[in-house]
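Dear colleague,

Please find below the structure that I am handing over to you.

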Amino acid sequence: MKNKNLAKLTQSAILAALCFVTFTYLQIKIPVPGGDATSIHFGNVFLVLAALLIGGVYGGLAGAIGMTIADIMDPVYILVAPKTFVLKLCIGLIVGLFAHKIGRINHTNDSQKVFRYALSGSIIGMAFNVFADPIVGYFYKIYVLGQPADVASVLAKFSAGATFFNAITTVVIAMLLYTALRPILIKANLLVDYDLNADR
């Protein structure tokens with residue numbers, strides 16, 4: 001049990017760092033009215049990948065911590081860091097729920113089942129983000145940051161477009177990475193909780 005927990009913590013730290021790096025350095029900021037910004041970025045790729053590899057709780061925390069730190073270190077995003085933490089954690093939990101709790105992808109050798117549940121979990125998690133990010137952002141900007149409702153509405157619309165694009169790229173890239181990494185991690189005995197003797 002200690003070895004499993006240590007492996008999950010180690011993998012969580014690595015994936016949190018990847019979320020931080022990709023969000024910080026692989027993003028295109030899109031300025032919006034009022035001095036705010038939204039962005040095209042790849043941070044969610046490693047959040048979803050983390051949830052697929054190590055489960056919703058650890059994966060969600062990896063993404064939430066990595067991208068929240070990135071927000072805190074960016075003067076444009078520092079004020080929305082609490083929102084980032086909550087939303088990224090929720091994405092990880094949703095992906096993990098479908099992929100691991102329902103699909104049990106780390107307990108089967110059936111590659112079609114693994115792909116099906118990993119893909120469905122990724123799509124559902126990012127679909128949640130497409131709707132939740134602009135909606136939560138709208139109310140967060142009004143009630144926490146004190147912005148006028150009309151300004152918050154414009155910002156939410158800009159955010160929705162970028163979030164939708166990010167969702168599509170996230171699902172595609174995360175699934176490509178997961179499909180490539182899974183057999184390597186199994187062979188190296190690094191896929192935590194993997195049951196080699198599971199029924200097909």
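**The largest cavity**

Classed by residue type, the lining of the largest cavity comprises 13 nonpolar, ten polar and six charged residues; here Ala, Val, Leu, Ile, Met, Phe, Trp, Tyr, Cys and Pro count as nonpolar, Asp, Glu, Lys and Arg as charged, and the others, Gly among them, as polar. Please note that this is a predicted model, in which local features need pLDDT of at least 70 and side-chain atom pairs count only at pLDDT 80 or more, while totals for chains, interfaces and linings use all residues. Residues are numbered from 1 along each chain as its sequence is written, and side-chain values use heavy atoms, with hydrogens and water left out.

The volume of the largest cavity is about 410 Å³. A cavity is a set of points, on a 1 Å grid over the protein atoms alone, where a 1.4 Å probe fits but cannot get out, and lining residues have an atom within 4 Å of a point. Grid points are joined across faces, edges and corners, and a volume is the space filled by probe spheres set on the points. The lining has 29 residues, of which Thr38, Tyr77, Lys83, Asp133 and Ser159 are the closest to the centre of the cavity. Two or more lining residues come from each of β2 (36-41), α3, α4, α5 and α6 (149-187), and α6 gives the most, with seven. Helices (H or I, at least four residues) and strands (E, at least two) are DSSP runs, numbered from the N terminus.

**The largest pocket**

The largest pocket holds about 330 Å³ of space; a pocket is an open set with protein on both sides within 12 Å along at least five of seven lines. Its lining consists of 16 residues, with Lys8, Gly55, Gly56, His100 and Lys101 nearest the centre. The elements giving two or more residues to this lining are α3 (56-72) and α4 (81-102), and α4 provides the largest share, five residues.

**Helix packing and overall form**

The axes of α4 and α5 (residues 111-143) come within 9 Å and cross at roughly 155 degrees. Axes are lines fitted to C-alpha atoms, for helices over the stretch in contact, and angles run from 0 to 180 degrees between N-to-C directions. The two helices are therefore roughly antiparallel, a term for angles over 145 degrees. Their contact has 16 nonpolar, five polar and three charged residues.

Overall, the protein has six helices and two strands, in the order α-β-β-α-α-α-α-α along the sequence. Its C-alpha trace spans about 60 × 30 × 25 Å along the principal axes.

Yours sincerely

Terms used. Parallel < 35°, antiparallel > 145°, perpendicular 65-115°, else oblique.
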